[in-house]
Amino acid sequence: MSIWNYVVTAHKPTAVTHSAVGNFTSPSELNLIVAKCTRIEIHQLSPQGLTPMLDVPIYGRIATMELFRPPGETKDVLFLSTERFKFCVLEYDLETKELNTRAMGDVSDKIGRPTDTGHIGIVDPDCRMIGLHLYEGLFKVIPIDSKGQLKEAFNIRLEELQVIDIKFLYGYAKPTIAVLYQDSKDARHLKTYEVLLKDKDFTDGPWMQPNVESGAGMIIPVPTPLGGVIIVGEQLIMYHDGTSFKTIPIRPSVTKAYGRVDADGSRYLLSDQNNLHLLVLDHDKERVLGLKIEPLGETSCASTISYLDNGVVFIGSCFGDSQLVKLNSQPDPRGSYVEVLENFVNLGPIVDICVVDLERQGQGQVITCSGAAKDGSLRIVRNGIGINEQATVDVPGIKGMWSLRASSMDVYDTFLVVTFISETRILAMNAEEELDETEIEGFDAATQTLYCGNVIYDQIVQITSSSVRLVDVATRQAVTQWNAPPNFSINVATANATQVLLATGGGNLVYLEIGEGELRQVNHLKLEYEISCLDINPIPEDAGRSALAAVGMWTDISLRVYSLPSLTLLAKENLGGETIPRSVLFCAFEGSSSGVRRMERLDGDDGSAPEGSRVMMMTAWQGDDNDGEDDHGRATMAGKQRTGAGVLAIAKEGELTIGTIDDIQKLHIRTVPLGEQARRIAHQEQSRTFAILTVKPVNWEEEHHVRMLDDQTFETVASFPLDLYENGTSIISCQFSDDTNAYYVVGTAYVLPEESEPTKGRILVFTVEDQKLQLVTEKETKGAVYNLNAFNGKLLAGINQKVQLYKWVQREDGTRELVSECGHHGHIIALYVKTRGDFIVVGDLMKSISLLIYKPEEGDIEERAHDYNANWMTAVEILDDDIYLGAENSFNLFTVRKNSDAASDEERGRLELVGDYHLGEFVNPIRHGSLVMRLPDSEASQIPTVIFGTVNGVIGVIASLQQEQFAFLHKLQKCLTKVIKGVGGFSHDQWRSFCNERRTTDAKNFLDGDLIEAFLDLKRHRMDEVSRMMDVPVEELCKRVEEMTRLH
């Protein structure tokens, strides 16, 4: 790998941080706007549900989002502010169907301490101003004039330093805010202020309420005519408007989000960790008489709630799948009023990932530990075609399937021919668009069909082991038949609209041509070996006949190409190894005018191919843009149904499934619900299992387990409970020197309430026997075992501030134990450790990256070099011998290089900073691997990649490029920044510049793959503009960028 890196998102952020409802795209349309950290999605409400309209990236992490309607306008506009103190006001352009920027600016101050509780952004109900609380002790005001224009912002000094929440109040002549704050004695109070725009100052508001509940964390302003605020605490909910004061006790909980149901503010939805509640203000239309709260049911853990219409609510979540739910007037049998209409997949927070090739086909799948608490799950993420199952029926023993049209004039297929070992059955679409069994009288139904299809002159050809039949479509009667020679049976057959090619036993290849009511044998060739597969698919497909025949052979394991009709050998390719061709296909791939031979292979009977991975047949078909793979079946047939959508019929494991094909999304996600959070995961090839470390909250305590899952079914097959207060912190699968067994090794920490840092932990070594976890040995440690690595047949552990090496020793009684060999001290906390050969890279809590080396002769670990920048690390990975990648807690990536060739010891002891990049995402795991199949003839296959997962559910890929490729793409990126303008006027260069509390610097030696790949989505005239700047043809640019998209 190299210092030149390309960062691209394979899976966009899915954790929902903000949402809002209003008339954004037009005065008559209701919209749901969803913020996912660095993206904005705009949906339209329709009778069918939510219709996506727009999905745009934002060059910033969204901190606050509010919809408001400027005076005299019919549509709402959107106010956004980012964590880097930029803001914008966006409106929707009906003509271009894009977002326009009405206002933008920077609200950062040169002095001031940023708030610990996060940014607060609010809009006055009468649209007189926007208020921001960004720094302690300051309230920033952006005035809005009578025309809806934003004026120059100013700060007002705010006495309260520890602000919990701020909201504008309804129904006051001057803009009035309510401030919930905590004093120096940890008591909480509510105070109101009037904002004097002319004086740029506060004056005391109409009322105040000292000493509210100490757990109060949220204030909800109530619209007129009622007015006032609701103060939501952990044990009480209070209503106050300066004169009346109402309270209601609640079950102890922390309310995370609220959503207003009615315009008059008489009902609100509240969500704690798991449950949705309805808060009702009992009133007489002028004043509140009392409060009532009703539990409605369980939802995902909500971070935002938006009431849409007709009892339908959007629940946005950072810790589980977001949901569209309906509130029913009557409870279901479980007593819940909540009905889930739709789930929106959220991978966040991803706390660990495991990259595995479960099917041993060279394509990685990413297994993520996702979600939190009851929403915890494993997600299996892979490249592939998505299939929406429409119907499934148990039909064991299917050997082949073909779709047929009832007439050559028909657009859609009517018949589905399904063959078994001793019979053939025909299914047809009836008037109700259901599949019924039917008959084609001319078919031989009492035997297995090898091939059938529509041919010229409105005929159908059926090939069985004994004959080739032609059937008239109109009468469904057989019109002619060609019989196999006596004592020979047809083994393999294929056909197109005018030609038939078949093979009988003894290596006989027979070529027939189809006429109107006739089959003519044109040629015959005797080959030296048996034939395994055939194809005469014409190129292009509408050519009607083929000039070439592809023939796969058994004994010499070769592929041959013959000319038609002469059956002259044109080419032969020996495949080598023990792979036997089972299906061969001529096809022209999209964008290719010439025929491309594609050949799938099946491993021999040497046990090297897992059962069920055989390619039984291939079919050429045309779909939308895709490069995926079907993840669902063994034999497939592509056809069309009467609705016009592409349909796939799949035979697998005793059942027939019919479904429609997705608009080929690139990544497909399968969810394994756990009901608890998985924190760490490891895979063991030998036992075909996964092991995960889980945590489950139970009655204000936590239960921690080591659980083992089957790597095919993902069912839990074994569990091992950890001690009280013992947290699982790390897990690996490894083997030790002089021991052929594979072990799961688990690191733990005892997290005691009275300790600031764990002082005790354990290393547990398990073996898998009969699908059970057997504890082999355990080793106590003097701290938390934050990480484990297999290291030259030994075990390397990061334990609090040191890195410790253990060897695997056999006792006199034959049992084994871990014995400490050596270690290295001097870290704050050695949170992340990666190894390569004898080198050890440590990611420290505060001290960035250190490079250690193990010296086996001396039995010692010593420091070779370290990065002198102070970075709070969240992940590290070794890209190659000299380049190390780090992620830190201000959402940046950086690379450092080992100075092996430096002249002085001081320079050699310093890791040189060679790359900087602001990702905008909190990275947890980084792992070597690839999401795509590595094809030997693809340039992208030669590019090494690592995969990372983030808190917001992003799966990203970092690829190391050659300098020439990097320079070309860097120039393209610069051109694209001039053509693609950031939403809200935000600058791409500023967004990608490395930025933390200590330094800010431009991005270096990193490329933004998301921006580069956006080139493919540009309109043609904008592509031409980039092409002129680059002085490179558009086709060449598309080709180079498409090559990069194949990395993910």
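A nonpolar core, as I use the term here, is a set of buried Ala, Val, Leu, Ile, Met, Phe, Trp, Tyr and Cys residues joined through side-chain atoms within 4.5 Å. The model I looked at is predicted.

**Entry 1: cores**

I looked up the largest nonpolar core and found 61 residues in it. Tyr 6, Ile 40 and Val 1026 touch the most other members. I then asked which element gives the most to this core; helix α2 does, with seven residues. I also noted a second, separate core of 29 residues, which includes Ala 428, Tyr 451, Ile 463 and Leu 470. Nonpolar side chains tend to be buried together in soluble globular proteins.

I listed the contacts of Tyr 6, leaving out residues up to four places away in sequence. Among them are Val 957, Ile 958, Ala 959, Leu 961 and Leu 969. Further along the chain, the list includes Leu 1007, Gly 1009, Ile 1012, Glu 1013, Met 1044 and Leu 1047.

**Entry 2: helix α2**

I checked the length of helix α2, residues 963-979. At 1.5 Å a residue its 17 residues should span 24 Å, and the end C-alpha atoms are 24 Å apart, so the two values agree.

Next I looked up which residues of α2 are buried. I found Gln 965, Phe 966, Phe 968, Leu 969, Leu 972, Gln 973, Cys 975, Leu 976 and Val 979. An α-helix has 3.6 residues a turn, so residues three or four places apart point the same way. What do the buried residues of α2 pack against? I found strands β1 (5-11) and β81 (1006-1008), together with helices α3 (988-992), α4 (1009-1013), α5 (1020-1030) and α6 (1034-1045).

I took strand β69, residues 839-844, and looked at its burial. Five of its six residues are buried, so the rest of the structure largely encloses β69.

I followed its pairing on both sides. Strand β68 (residues 830-836) runs antiparallel to β69 and is joined to it by six bridges. Lys 834 stands opposite Val 841 in this pair. Two residues lie between the strands of the β68 and β69 hairpin, where Gly 837 has a positive phi near 60°.

Strand β70 (residues 849-855) pairs with β69 over five bridges, also in the antiparallel sense. Here Ile 840 stands opposite Leu 852. The hairpin of β69 and β70 has four residues between the strands, and Ser 848 takes a positive phi near 55°.

**Entry 3: backbone geometry**

I looked for cis peptide bonds and noted two entries. The bond from Gly 348 to Pro 349 is cis, with omega near -15°. Pro 349 sits in the loop between β29 (338-344) and β30 (352-356). The bond joining Leu 564 and Pro 565 is cis as well, with omega about 5°. Pro 565 is in the loop between β48 (558-563) and β49 (569-574).

I then looked up positive phi in residues other than glycine. Cys 37 has phi near 60° and lies in the loop between β3 (31-35) and β4 (39-46). Is Cys 37 buried or exposed? At 3% relative accessibility, Cys 37 counts as buried. Ile 557 has a positive phi of about 45°, and its place is the loop between β47 (548-553) and β48. Its relative accessibility is 14%; the cut-off for buried is under 20%, so Ile 557 counts as buried.

**Entry 4: two single residues**

I looked up Thr 494, which is found in strand β42 (residues 490-495). Thr 494 counts as buried at 8% relative accessibility. Its contacts include Tyr 451 and Ile 463, both of which belong to the second core. Gln 499, Val 500, Leu 501, Leu 534, Asp 535 and Ile 536 are also among its contacts.

Gly 49 lies in strand β5 (residues 49-57) and counts as buried at 18% relative accessibility. I took its C-alpha distance to Val 746, 697 residues apart along the chain, and got 46 Å.

**Entry 5: whole chain**

Buried residues make up 54% of the chain. The accessible surface comes to about 46,200 Å², with 46% of it belonging to carbon and sulfur atoms. Of the contacts with a separation of 6 or more, 50% are between residues 24 or more positions apart.

Terms used:
Residues are numbered from 1 along each chain as its sequence is written. This is a predicted model: local features need pLDDT of at least 70, side-chain atom pairs count only at pLDDT 80 or more; totals for chains, interfaces and linings use all residues. Side-chain values use heavy atoms; hydrogens and water are left out. The expected span of a helix is 1.5 Å times one less than its number of residues. Buried means under 20% relative accessible area, exposed over 50%, partly exposed in between (1.4 Å probe, protein chains only). Contact means heavy atoms within 4.5 Å. Two strands pair if DSSP finds at least two bridges between them. Accessible areas come from the Shrake-Rupley method with a 1.4 Å probe; for residues, only the protein chains shown count as cover.
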